[in-house]
Amino acid sequence: MLIRLGYEIAIECAEATPVISLLEIHKDRQSDIKRQTRVLTSPAVPTRLYHDLHGNGCRRFTAPAGTFRILYDAVVEDSGETDEVNTLAREVPVAELPDEVLGYLLGSRYCETDHLSSLAWQLFGHLPPGWARVQAIVDYVHNRLSFGYGYARSTRTAAQANEERVGVCRDFAHLAITLCRCMNIPARYVNGYLGDIGVPIDPAPMDFSAWMEVFLDGKWYTFDPRHNRPRTGRVVIARGRDATDVPLLHSFGPHRLTLFKVWTYEQEGKLFNPPHHGVDRTVSAQMLA
């Protein structure tokens, strides 16, 4: 299938402000891009792409004083298959984990393993290791937290989400990641495009979403504590330890978000059909963190 995706984001700055955006389609999916625009800015400013320590594409630019817009549109080919499920996948003992995976066992800014370790072992220590244990963690988080855009708070940690029992998709991911790490299961944070493909249309679509990947049986598997079901059409933007590593926008100075429009849907007909207008959301900057 073909997936049409893109965004239009506008910010306001009181003065010229350096900005880094993590909005590039991940290098793992670059070969699937069938058509794309350049990353367009208004006013036009020079931009430069680099890759961070996690392999994510990051774009540097300086937003001028006043209103500044960023626009991108693309068509990506996708298999149309749902997230892979392997109920026989085993946990890998820590001593046998690849070196590059070990960092995803450690606590991080939003995933404070020291606060939740005792709870994790109490809740999940008796369960069979492997896929069943991870799924139990995802079930717990999915049922524990209530979702709502109004619950967004940029400083909420996994332990706080568990206590408050509310959050947005990043909070669901942080809590599940933390509980997995407490059980010595490597887990990492992922954000990307996820439209309502193959599921009923949501009146508040989550075209940008966050989920997690868990290392089992020698490979990374996708789990989504927010939706808790295999989904079609995920397009990864970035991966990291938690949301600290992958903010959609990071400004080195204050800015105000004035427009956040995203579209992600199955493209029908010609490759060059004009995009839908997307969904307008005026949200606080913490939603991009």
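What is the volume of the largest pocket? The largest pocket has a volume of about 460 Å³. This is a predicted model, in which local features need pLDDT of at least 70 and side-chain atom pairs count only at pLDDT 80 or more, while totals for chains, interfaces and linings use all residues. Residues are numbered from 1 along each chain as its sequence is written, and side-chain values use heavy atoms, with hydrogens and water left out.

**Largest pocket**

- A pocket is an open set of points on a 1 Å grid over the protein atoms alone, where a 1.4 Å probe fits, with protein on both sides within 12 Å along at least five of seven lines; lining residues have an atom within 4 Å of a point.
- Its volume is the space filled by probe spheres set on the points, which are joined across faces, edges and corners.
- Of the 19 lining residues, Arg29, Asp83, Glu84, Thr222 and Arg234 are the closest to the centre.
- The lining comprises 11 charged residues (Asp, Glu, Lys and Arg), four nonpolar and four polar.
- Strand 12 (219-223) gives the most to this lining, with four residues; strands are DSSP runs of E, at least two residues, numbered from the N terminus.

**Strands 11 and 12**

- These strands pair in the antiparallel sense over five bridges, pairing being defined by at least two DSSP bridges.
- Phe215 stands opposite Trp220 in strand 12.
- Two residues separate the strands of this hairpin, and Asp217 in the turn has a positive phi of about 55°.

- Four strands form an antiparallel open sheet in the order 5-6-2-14.
- Strand 5 (48-51) and strand 14 (249-251) are at the edges with a single partner strand each, so one side of each lacks a neighbour in the sheet.
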